[in-house]
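I opened my notebook for a friendly look through this fold. Here is what I looked up, entry by entry.

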Amino acid sequence: MSDHYERVKIELQQMKEVENEAAADEEQLPPASVSPIPADVSFTARRDLSKSSINGRSRSKSRSKADGRERQVNGKQLPYLTPQKSDYSQGQSRVSDEPNLHIKGTAKLLKGKTAANGHVESCQRQTDGKCEHHGKEAKKRRAVTVDTSKAKTSLEALKMSIRQLKWKEFPMGRRTACDIYWHGVSFHDNENIISGQVNKFPGMIEMLRKINLSRAVRTMQELFPEEYNFYPRSWILPEEYQLFSTQIRLLKDNDSTLKPTFIVKPDSGSQGDGIYLIRDPADLRVISGSPIKQSVVQEYIQKPLLIDKLKFDIRLYVLVRSLEPLEIYIAKEGLSRFCTEPYQEPSQKNLSHVFMHLTNYSLNVHSGNFVHSDSCSTGSKRTFSSVLYRLASKGVDIKKVWSDIIALVIKTVIALEPELKVYYQADIPPGKPGPTCFQILGFDILLMKNLKPVLLEVNANPSMRIEHEQEVSPGVFEYVPSPVDEEVKVGVIRDTLRLMDPTQRKQHVTSSTGGGSPEAAIVVETGSDEKEGLADSLPSLCLKQVFPKYTKQFNYLRVVERIATIFLRFLGVKGTMRLGPTSFRTFIRNCKLSNSSFSMASVDILYIDITRRWAGMLPDSREAGMCLQAFIEAFFYLAARRFKALLLREQVLLLLEVCEGALEGQSHSEKPRPHRSHTNPASSQSSAPTTFSSPALTRRRHRPMQLSAKANTEN
Ligand code: ADP
């Protein structure tokens, strides 16, 4: 009853605010370049965790006042327990004992604590509630509005971020449009958004399912096998079961000492659900009579890097700020999740030892060995910087580790981008009003013993919880603040908001000055780009721009995106994701690809053959026609047919030139199509790939294409 009353009160209050604001906004809108951060707020870098405990306490109180209702997670009430202060100070003293390493840009991280996650402090010099410095001017600034009604488990971290920025939260939604909509699950959490920005891209969840991610990376592996060898060899089940069995049999026949291990992951599983290890295809768990479940079976990395004899992985947060132009940021701080049983290379005996082989927090937290620590550099969940610190102290070249990770992230997003654009156009067709999108992704990365990073998976909805469940007495669980999570996640959300600030029109995009050299030229540095365009009073962003910053090093990889641009052109603007047979014919005709040896009848056969096979591989799809992946396969086929005796990549590049040349000629005589930018208002630089001269164009021969079998290039 009182809950309901509180909600009504909040709603009424919001309605009033909307009215007042509407009136006030008209007179008080600031010039576009003015910082949205009220002048009476100053930021200081987070100093230590003991402060965080104090803030944690007061935060807990003020939240209950401000929200006027109890926090709920999964239907449970969540009282906050304050960790013992002595724990914090112990953790802190450990952290601050660590010497500082001065590696450009990582110095802050290497102290074992990050300054990136700044704190808000009230302006010290206040008189009569007004800041001396900024006076009334600050009051006139329009606060950015954020609809948090669908934020779900990221709500706590989001609220803290909004409070730090002094923005305006709408916890129950708002009648009029908000600047930013924060969704907990997908783009569609809130339907009918026609303006503003949403923190999810349409199609991201679908693209990041294990099978689709594997397919997208595989397409890139076909073109750039060496550049994409950071993803373990994978087979898609059930369609590639025979291939998997045959290849493994051949492998073992050739070398009987080989004892490979594979990890089987259900397609839409998460948190380690349904995952198991096998040593032979015959060990796949199949319920008799039913088909093999949709899943990915993957080469198991047998020699991971260990710390304290434990396997661990890295969760890195990556912001895709816009698709067009492509803008990618990486959080300088991440999490390392540790196993809770000492690692041994897989053997028939230990295959089922989950706490030894799987690093998932959700699994290991149930192990008796799990260590909750208030320090960022000990325990079963630590900051990535503390791990880097450990490695650096052993002489590891951590700049190289970082630059390899940056390359992995950029390449992965480049693999996903083409299909994401198709989803985007289907949901928000050109000319239709709609929001722009951005998204925080969770990259799970494993470091191999030789320090090479391997991509395990990408999460569309990485957990942004800043509390963890703890058994306070037998059978009684409570949620308590988790300083490590708070340290990392609040910074990521707050700085994402800062980058998406609609009132901050000035570009954060740096010109692509990365130089034309290969990836080794990635320089791990803070640079000034993160600060550019941001108010002086703010700490530097914990998100580091990596694209377009490193455009020159990676743009040559964006070949599939050019194929997708052609696909989208012939798809039209009907909100569909599949190409019909007539449109495919038009593509062939307009690009002048048919001739006496390749008739339109052959074109139809090609269309039917490929489309039918892909329909079989995508059983859930309700739409008929040719999907992007099938179009790419057709494109590869056409390229191989036309340009013989070259690498597939070269064939494809040559065909792209033919098609783009033909289409360009036509578009001069055509009316331009309405084009909807996938960008956010702060970005204007186009990073669409144009010229492609790969530094590694001629390394490997590709096997001949077969029309009736999807090319398969396990590296
Ligand atoms: P989920 O989405 O269920 O967490 P992941 O792909 O992240 O699935 O796998 C779960 C865990 O299994 C990872 O955190 C990692 O510890 C381990 N793992 C996954 N793939 C591999 C691999 N190819 N080699 C070694 N370990 C792996």
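I started with β7 and strand β9 (residues 180–183): the two run parallel and are joined by three bridges. I call strands paired if DSSP finds at least two bridges between them; helices (H or I, at least four residues) and strands (E, at least two) are DSSP runs, numbered from the N terminus. Lys150 has His183 as its bridge partner in β9.

A note on sources: this is a predicted model, where local features need pLDDT of at least 70, side-chain atom pairs count only at pLDDT 80 or more, and totals for chains, interfaces and linings use all residues. Residues are numbered from 1 along each chain as its sequence is written, and side-chain values use heavy atoms, with hydrogens and water left out.

Next I checked β7 (residues 145–150) against β8 (residues 168–170), and found a parallel pairing over three bridges. Asp147 is bridged to Phe170 in β8. Between β7 and β8 I followed the chain through helix α6 (residues 155–165), a right-handed β-α-β crossover (clockwise from the first strand over the helix to the second, with the strands pointing away from the viewer).

Then I turned to Asp267, in the loop between β12 (262–266) and β13 (276–278). A polar atom of the Asp267 side chain lies 2.9 Å from the backbone nitrogen of Ile211.

Is Ser540 buried or exposed? I count Ser540 as buried because its relative accessibility is 16%, and buried means under 20% relative accessible area (1.4 Å probe, protein chains only).

Conventions:
Polar contact = N/O pair within 3.5 Å; in protein donor to acceptor, adjacent residues only side chain to side chain. Buried < 20%, exposed > 50% of the residue type's maximum accessible area, 1.4 Å probe, protein only.
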